[in-house]
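Subject: Structure for your files

Dear colleague,

Here is the structure I said I would pass on.

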Amino acid sequence: MGLEEMLTAVNDFVWGPIMLALLVGTGIFLTIRLKFLPWINLWHAVKMILYTKKKDEGDLSPFQSLMTALSATVGTGNIVGVATAMVLGGPGAIVWMWISAAFGLSTKYAESVLAVKYRETNSVGEMSGGPMYAMKNGIGGTLGKVMAALFAFFAVCASFGIGNMTQANSIGAAFESSFGLPTYVTGIILVVCSLAVLMRGVQSIGKVSSFIVPSMAFFYLLFTVIIIIKNFENIPAGLSLMFEMAFSTEAVAGGVGGSIVASMLTAMRWGVARGVFSNEAGLGSAPIAAAAAKTDHASRQGYVNMTGTFFDTMIICMLTGLVIASSGVLGTVDPATGKLVSGAPLTILAFGTVYGAGAKYIVSIALAFFAYSTILGWEYYGEKSLEYLVSDRKVIYFYRAAFSCITFIGATQTLDVVWNFSDTMNGLMAIPNLICLIILHNKIAEECFDYQKNMIDTGKE
């Protein structure tokens, strides 16, 4: 067995049914343990996004912290991942993506609470936190330190692949196919733009993310809503097929589903997998950004960062799914290859039913900005993880420069071995993080119920 085959086998195991069951199972457990408060307080969480006090400790406002986390999650998964899930798992995959995200709210809330609760101030006065600090300070002892070191190592490795090269490759491929721009030109532009933002640190990342993420999300949602309105007569049939295929034990096909055939188990597998890939609930990445927020209570920022899963999967992914389902392009076969059209090309086909030739430009630009914001967010995750392992600030500056330059390699090369390795590292992050959540569930519940009793129930908000 060659290196690539071995990495593929390991990756398939890491992201197999056991891992997906553990991710969703932890979300279900936490939702029940917290008495469904993350669901009940969702509107409160949305209102808290713009809440801040100048005296609160932290580096970023709650909004900037959320945008930094969203910059790393709103990416190729929202455009490519949804389309792939619907081809491999049928339209029902979107329903399971939504269900997994519902329980992912509690997971994202819990890991963000721990990140703020156990955060520390580093040598330059910045807040440092995330699962590694929760493991070290919350679990403690040799077990906590070993888990923390493993998580940080996996996060640094994942940052170069999932958070950098795969995103840069998506941008390079999109601009080459839509605008004829050579990938090396895209690579150079990415290096310059990344250096300009990343070398200035977390404040710069927060400011840029606060502009890019809401702006691109707004325009992407606007374009998708127009398509849904245009194809509104197909929405009832599309929704019906989604739920029918999501819970049917037998393979179903037809209607707006085209030639797609998938059972409930297949829909569940791909819906959950792509949902986790999109919103990252349970992986432990987003809490690193949550730890930088200015807040007076760990639970408050937990609620704020929890909305990232809501916006990413329950809104953006759901709208992409409705666009594809209502456009009638699902199940289209590429005459050149004889295979089903999937990924970004399928999304472009769906957009093309309304925007014609302009669809490829809309999707490509949206994909590019979403992917670039992911690069910024993941650099911060990787930097803070490396900071936990190495205290020398010179190493951090070298990491920022190296991370920016590697975007050129990602934009110009297709490195399947690197992608499989980094994807595996991304999945391995979840193992110590989920164990940490389960071990510290009582601490999470204490913070949750304290905030509920002293803030929400008393009306102090």
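The lining of the second largest cavity draws at least two residues from each of α2 (17-33), α7 (92-117) and α13. Helices here are DSSP runs of H or I with at least four residues, and strands are runs of E with at least two, numbered from the N terminus. A cavity is a set of points, on a 1 Å grid over the protein atoms alone, where a 1.4 Å probe fits but cannot get out; a pocket is an open set with protein on both sides within 12 Å along at least five of seven lines, and lining residues have an atom within 4 Å of a point.

This is a predicted model, in which local features need pLDDT of at least 70 and side-chain atom pairs count only at pLDDT 80 or more, while totals for chains, interfaces and linings use all residues. Residues are numbered from 1 along each chain as its sequence is written, and side-chain values use heavy atoms, with hydrogens and water left out.

To go on with the second largest cavity: α7 gives the largest share of its lining, 5 residues. The lining consists of Leu23, Val24, Ser100, Ala101, Phe103, Gly104, Thr107, Val276, Asn279 and Ala281. By class these are 6 nonpolar, 4 polar and no charged, where Ala, Val, Leu, Ile, Met, Phe, Trp, Tyr, Cys and Pro count as nonpolar, Asp, Glu, Lys and Arg as charged, and the others, Gly among them, as polar. The space in this cavity is about 90 Å³; a volume is the space filled by probe spheres set on the grid points, which are joined across faces, edges and corners.

The second largest pocket also takes at least two lining residues from each of α2, α7 and α13. Its volume is about 210 Å³. Around it are Pro17, Leu20, Ala21, Val24, Trp96, Ile99, Ser100, Leu265, Met268, Arg269 and Val272, of which 9 are nonpolar, 1 is polar and 1 is charged.

The count of cavities of 30 Å³ or more is 3. Two or more lining residues come from each of α5 (62-73), α6 (76-89), α9 (141-179), α13 (264-279) and α17 (359-389). The classes in this lining are 5 nonpolar, 8 polar and 1 charged.

Now the helix contacts. The axes of α6 and α17 come within 8 Å and cross at roughly 125°; axes are lines fitted to C-alpha atoms, for helices over the stretch in contact, and angles run from 0 to 180 degrees between N-to-C directions. α6 is therefore oblique to α17; under 35 degrees counts as roughly parallel, over 145 as roughly antiparallel, 65 to 115 as roughly perpendicular and the rest as oblique. Thr76, Ile79 and Val80 of α6 are in contact with Val363, Ala366, Leu367, Phe370 and Ala371 of α17, contact meaning heavy atoms within 4.5 Å. The classes are 7 nonpolar, 1 polar and no charged.

α5 and α15 pack at about 35°, axes 9 Å apart. Their crossing is right-handed, that is, the near helix is turned clockwise from the far one by less than a right angle, with anticlockwise being left-handed. Pro62, Ser65, Leu66, Ala69, Leu70 and Thr73 of α5 meet Gln301, Val304, Asn305, Thr307, Gly308 and Asp312 of α15. This contact has 5 nonpolar, 6 polar and 1 charged residues.

α15 (residues 298-327) also packs with α16 (residues 343-355), at an angle of about 65° and with the axes 9 Å apart. The two are therefore roughly perpendicular.

Regards
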